[in-house]
Amino acid sequence: MKLSNRWRGACLLGAMVFSTAALALSPEEEERLKECKRPKFRDFVPEQKAEVDAGTEISFHISHNADPLTVTAEARGEKMKVNVVDKKTFYFVTAKLPPLTPGFARVHVTAKSAESKLESGCLGQDGWLLKIKGEATAKPAEQPAAAQ
C-alpha cells in the first residue's frame, strides 16, 4: 500500500508539531533554569600542580554572585578556615592548607549563589591539584666494594 504525497506531508507536519511540543520546557522549568547562576572560581594561587609545603596560604577569586557565608575549602577531606574579602566586583578568599602528608592533594572549593531562589541553593564547585612537599627522599648510599 502506497501513501499519497498528501498523506506523507500530513504525517510529516504532524510529527514536527508533536516533537517540538514534547521537547519544549514548561514555564516552571524555564524559571528554574534562569534562577540558577552558579558562582565562578578563578585565579587559584598557588597554581595547578605547584609544589608547596603543608600549611601554605592559598587564595582564589569567586564571582560576586556568590553568598560569602557559604564559601568552603577543603583538602583531602580536611576543612580549612576561609577568610572572604569583598572587592566590589568579586570576592577574594584566603585559607591555609592543613598539615598534610607529602603527596598530591586536591583543594576542593564550593560556594552557593546568593541570587538563587531554589531551596537546595545553586552550588558552584571547583578545585585544583597541589603537590605537598615532604622530606627529600634520600637516594640509597652507594656501598663501597668489599675489600678482599
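Reply: F41 and F60 are both buried (under 20% relative accessible area, with exposed over 50% and partly exposed in between, for a 1.4 Å probe and protein chains only). The model is predicted, so local features need pLDDT of at least 70 and side-chain atom pairs 80 or more, while totals for chains, interfaces and linings use all residues. Residues are numbered from 1 along each chain as its sequence is written, and side-chain values use heavy atoms, without hydrogens or water.

Across the whole structure, four aromatic pairs are found (Phe, Tyr or six-membered Trp rings with centres within 6.5 Å; planes under 30 degrees apart are stacked, over 60 edge-to-face, the rest tilted). F41 and F60 make one that is tilted, with centres 6.2 Å apart and 50° between the planes, and it joins strand β1, where F41 sits, to strand β3, which holds F60, 19 residues away (strands are DSSP runs of E, at least two residues, numbered from the N terminus). F44 and F60 also form a tilted pair, at 6.1 Å and 40°; because F44 belongs to β1 and F60 to β3, this pair ties together parts 16 residues apart in sequence. Ring pairs link F41, F44, F60 and W128 into a cluster.

F60 itself counts as buried because its relative accessibility is 0%. Beyond its neighbours within four places in sequence, F60 is in contact (heavy atoms within 4.5 Å) with residues including V71, Y91, V109 and W128.

How values were computed. Helix = DSSP H or I, 4+ residues; strand = E, 2+ residues; numbered from the N terminus.
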